[in-house]
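Please consider the structure shown below.

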Amino acid sequence: MAIVSPGVLRWGVMLVLFDIDATLISTSGVGMRCMVEAGRGLFGPGFHADGVAFAGRLDPLIIDDLLRVNGVPGVPGGAREREAMRLAYTDRLMQALRVPGVGRALPGVPSLLAGVERTDGMTMGLLTGNFESTGRLKLSACGIDDSRFKLCVWGDESPEDPPSREQLPGVALERYAAATGRRIDPTLAVIIGDTPHDVSCARAHGLRVIGVATGSYSTADLAGAGADRVVSDLSETARVLGWLTAWMQGSRDDFASAERLR
Ligand SMILES: [Mg+2]
């Protein structure tokens, strides 16, 4: 396989989209804690997260749920409260991530990212429930340079209201087309994520999906949700790169045989 040096400014035929939390990095639960602290700062010490699900969900939806279970007036639909929460959360997260050791890249992540980056034909991106402000903060706190991801879809970029993660892969496909002038075959776009939400949003658009059990879901959960492949963690770098390469190569072979049949 031809290898190109990292940073080459061209788009590959395959798009590899990573989720952030519990897929690339762990931040020891500070995201959750900072969101609740932001709510306490804004709405009082009784602000809580009881009954609110966090894993794999969009930050704007988590904030809406927090505001709702805490009976904040004007919610849902309170754009001002939502934005105040986002700002206060970002601020607290910035402080919390300064503590050494809070954030770390998960096993195998540095070598997998380097492998995808170096493989001719693959372009690396992000598809995450994080806001852009907090997603970039988290990555850099974990030693991952966010400028390496060429196409990013953030948690507040769903075109729908209420927002939905199911819409995000469609945004990624549109952006790829806008940047390259060509549509990508959805089976050449792959999501790597740790929750059934990552799996279902990929499935909704015909993308492929690799589940990684470094969050709160097992490989069996992720396979049951419909992931094409599952791994216990990304230290199985060679296996993951092998699957990606085989999918990319398989599609090229399909294309070549279709051409021959003409
Ligand atoms: Mg995640």
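A114 counts as partly exposed, because 13 C-beta neighbours lie inside 10 Å; a residue is buried if 20 or more other C-beta atoms lie within 10 Å of its own, exposed if 12 or fewer, and partly exposed in between, with C-beta atoms placed from the backbone. A114 belongs to helix 4 (residues 109-118); helices (H or I, at least four residues) and strands (E, at least two) are DSSP runs, numbered from the N terminus. From A114 to M124 the separation is 10 residues in sequence and 10.0 Å in space, C-alpha to C-alpha.

**Basis of the model**

- The model is predicted: local features need pLDDT of at least 70, side-chain atom pairs count only at pLDDT 80 or more, and totals for chains, interfaces and linings use all residues.
- Residues are numbered from 1 along each chain as its sequence is written.

- An open sheet is formed by six strands in the order 5-4-1-6-7-8, with parallel pairing; two strands pair if DSSP finds at least two bridges between them.
- Strand 5 (151-153) and strand 8 (229-231) are the edge strands, each pairing on one side only.
- From one strand to the next, the twist averages 20°.
- Strand 7 and strand 8 run parallel and are joined by three bridges, and I210 stands opposite R229 in strand 8.

- Strand 6 (residues 189-193) is largely enclosed by the rest of the structure, because five of its five residues are buried.
- Burial applies to both faces of strand 6: A189, I191 and G193 lie on one side, and V190 and I192 on the other.
- Strand 1 (residues 14-18) runs parallel to strand 6 and is joined to it by four bridges; L17 has I191 as its bridge partner in strand 6.
- Four bridges also link strand 6 with strand 7 (residues 208-212) in the parallel sense, and V190 stands opposite R208 in strand 7.
- Between strand 6 and strand 7 the chain passes through helix 7 (residues 196-203), and this β-α-β crossover is right-handed; that term applies if, with the strands pointing away from the viewer, the path from the first strand over the helix to the second runs clockwise.

**Helices against the sheet**

- Helix 7 lies across strand 6 and strand 7, at about 175° to strand 7; axes are lines fitted to C-alpha atoms, for helices over the stretch in contact, and angles run from 0 to 180 degrees between N-to-C directions.
- In helix 7, the buried residues are H197, D198, V199, C201 and A202.
- These buried residues of helix 7 pack against helix 6, strand 6, strand 7 and helix 8 (219-224); two residues are in contact if their C-beta atoms, placed from the backbone, lie within 7 Å.
- Helix 6 (residues 168-180) lies across strand 1, strand 4 (122-127), strand 5 and strand 6, and runs at about 150° to strand 5.

**Helix-to-helix packing**

- In helix 2 (residues 59-69), the buried residues are D59, P60, I62, I63, D64, L66 and L67.
- The buried residues of helix 2 pack against helix 1 (30-43), helix 3 (79-96) and helix 5 (132-141).
- Helix 2 and helix 3 pack at about 110°, with their axes 10 Å apart, and are therefore roughly perpendicular to each other.
- Helix 1 and helix 3 pack at about 125°, with their axes 8 Å apart, and are therefore oblique to each other; angles under 35 degrees count as roughly parallel, over 145 as roughly antiparallel, 65 to 115 as roughly perpendicular and the rest as oblique.
- P60, I63, D64 and L67 in helix 2 meet E81, R82, M85 and R86 in helix 3.
- Among the residues of helix 1 that take part in the contact with helix 3 are V30, C34 and L42, and the helix 3 side includes A84, Y89 and A96.

**Backbone details**

- A cis peptide bond, with omega near 0°, leads from D161 to P162, and P162 is found in the loop between strand 5 and helix 6.
- A22 has a positive phi, near 65°, in a residue other than glycine.
- A22 lies in the loop between strand 1 and strand 2 (25-26) and is buried, with 21 other C-beta atoms within 10 Å.
- S28, in the loop between strand 2 and helix 1, has a positive phi of about 50° although it is not a glycine.
- S28 counts as partly exposed, with 14 C-beta neighbours inside 10 Å.
- G71, which follows helix 2, has a positive phi near 65°.
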